[in-house]
Amino acid sequence: MPVKGRFAPSPSGRMHLGNLFSFLLAWLSARHEGGSLVLRVEDLDPVRCLPAHAWQLMEDLEWLGLNWDEGGDVPSYWQSNRSHLYAAAFQTLEARGLTYPCFCSRLQRLNEAPHIHQVSPSCPCAALTPEEAAQRTKEKTPSYRLRVPHKTVSFVDGLQGPCSQDLAADCGDFPIKRSDGAWAYQLAVVVDDAAMGVTQVVRGRDLLSSTPRQLWLYQVLGLPAPEFYHVPLLLAPDGRRLAKRDADLDMGALRRRFSPQELLGLLSRMAGQQKTAEPVSAAQLVSTFDWLNVPREDIIVAPELLS
């Protein structure tokens, strides 16, 4: 089966160097195999995710020469237009008795940072009777969790190697719908990757711990799961993870300092695809791309790039 990769950014701000690093590897992996790429806009949160950021992101990628084959400005590839699909998946899970309402207030923020590993194996709401849940619903709109069994989910990550997680002990029942009606990342990404025929997911290793949850969702929904490659994060010299909210090395600053070829040269050296940071186009890297050269551990960004 031809490789079909994807880039699925959340348009909550300008793309930064870490986002670009992950997308370059996803792009090179798919292109090296003669495959295709989907650009999906993950704008689940209408407050934080703005259309202007999505248009800017696409323009930045085009400036770098990193193209895609599906999605982008096509409305059906924006998660804000795909709620009916998530609702159908939720109804399937609900019909199987796998969901329950949760009234814990901290779940209001669960969709903001899907990379944060939140363990709650003993949510008290799981023990509520239907009558108790109905009474509480009159007072407060609940979020919804997915029940998980004491089951070990194992998989082999293409870069990080063998991984396993006991769903009940290491993860716990996890949210699939917020109390404000927004769909949680874990459910949406599974539904979308399956519907779009994605066979290979390349993303930051901060999301590695969420993969068993997603594999469980693929299984209970009867959907085919992709292969996963979790790539290292880019860190500041003090060990801090580069993030949009810190405005570290965003594309606005990078485009003022570098040409596309210079920027790709720096990234390809970090990714182990070149021994030096010699300027290069994305197309020139395709034929020699090799996952064996990509480092597994997080990468410290040179201080001079942060000055």
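Author: A residue is called buried when its relative accessible area is under 20%, exposed when the value is over 50%, and partly exposed in between. Please keep in mind from the start that what stands above is a predicted model.

Reader: With that cut-off in hand, how many residues of helix 7 are buried?

Author: Ten of the eleven residues of helix 7 are buried, and so the helix is largely enclosed by the rest of the structure. The buried residues are Thr211, Pro212, Arg213, Gln214, Leu215, Trp216, Leu217, Tyr218, Val220 and Leu221. After the helix comes Gly222, whose phi is positive, near 70°.

Reader: How should I read a nonpolar core, and which residues of the largest one touch the most other members?

Author: The general idea is that in soluble globular proteins nonpolar side chains tend to be buried together. In this model the largest nonpolar core has 51 residues, and those that touch the most other members are Leu17, Phe21, Leu25, Leu61, Leu66, Leu263 and Trp291. Several elements supply at least two residues each to this core, including helix 1 (17-32), helix 2 (51-64), strand 10 (227-231) and helix 9 (260-270). The largest share, ten residues, comes from helix 1.

Reader: What is Leu17 in contact with, leaving aside its neighbours within four places in sequence?

Author: Leu17 is in contact with Leu234, Leu242, Leu249, Leu254, Leu263, Leu267, Met270 and Val301. Apart from this core lies another, of 36 residues, with Ala89, Leu98, Cys171 and Leu217 among them.

Reader: Now I would like to turn to the strands; what is the order of the three strands in the open sheet?

Author: The order is 1-2-3, and the pairing is parallel. Strand 1 (4-7) and strand 3 (70-71) are the edge strands, each of them pairing on one side only. Strand 2 and strand 3 run parallel and are joined by two bridges, and within that pairing Val38 has Glu70 of strand 3 as its bridge partner.

Reader: Which side chain does that of Glu70 meet in a salt bridge?

Author: The general idea is that side chains of opposite charge can pair when their charged atoms come close. Here the side chain of Glu70 meets that of Lys4 in a salt bridge, at 2.7 Å from N to O. This pair links distant parts of the chain, since Glu70 is in strand 3 and Lys4 in strand 1, 66 residues apart. Glu70 is partly exposed, at a relative accessible area of 23%, whereas Lys4, at 15%, counts as buried.

Reader: How many salt bridges does a search of the whole structure find?

Author: Such a search finds 15 salt bridges. In one of them the side chains of Arg14 and Asp60 meet, at 2.8 Å from N to O. Arg14 lies in the loop between strand 1 and helix 1, and Asp60 in helix 2, so the pair ties together parts that are 46 residues apart in sequence. Arg14 is partly exposed, with a relative accessible area of 26%, while Asp60 is buried, with a value of 0%.

Reader: And with which residue does Asp193 form a salt bridge?

Author: Asp193 forms one with Arg40, the closest N and O atoms being 2.8 Å apart. Asp193 is in helix 6, residues 185-195, and Arg40 is in the loop between strand 2 and helix 2, so that distant parts of the chain, 153 residues apart, are linked. Both Asp193 and Arg40 are buried, and the two belong to a network of salt bridges together with Arg6, Glu42, Arg82 and Asp192.

Technical notes
Residues are numbered from 1 along each chain as its sequence is written. This is a predicted model: local features need pLDDT of at least 70, side-chain atom pairs count only at pLDDT 80 or more; totals for chains, interfaces and linings use all residues. Side-chain values use heavy atoms; hydrogens and water are left out. A nonpolar core is a set of buried Ala, Val, Leu, Ile, Met, Phe, Trp, Tyr and Cys residues joined through side-chain atoms within 4.5 Å. Buried means under 20% relative accessible area, exposed over 50%, partly exposed in between (1.4 Å probe, protein chains only). Helices (H or I, at least four residues) and strands (E, at least two) are DSSP runs, numbered from the N terminus. Contact means heavy atoms within 4.5 Å. Two strands pair if DSSP finds at least two bridges between them. A salt bridge is a side-chain nitrogen of Lys or Arg within 4 Å of a carboxyl oxygen of Asp or Glu.
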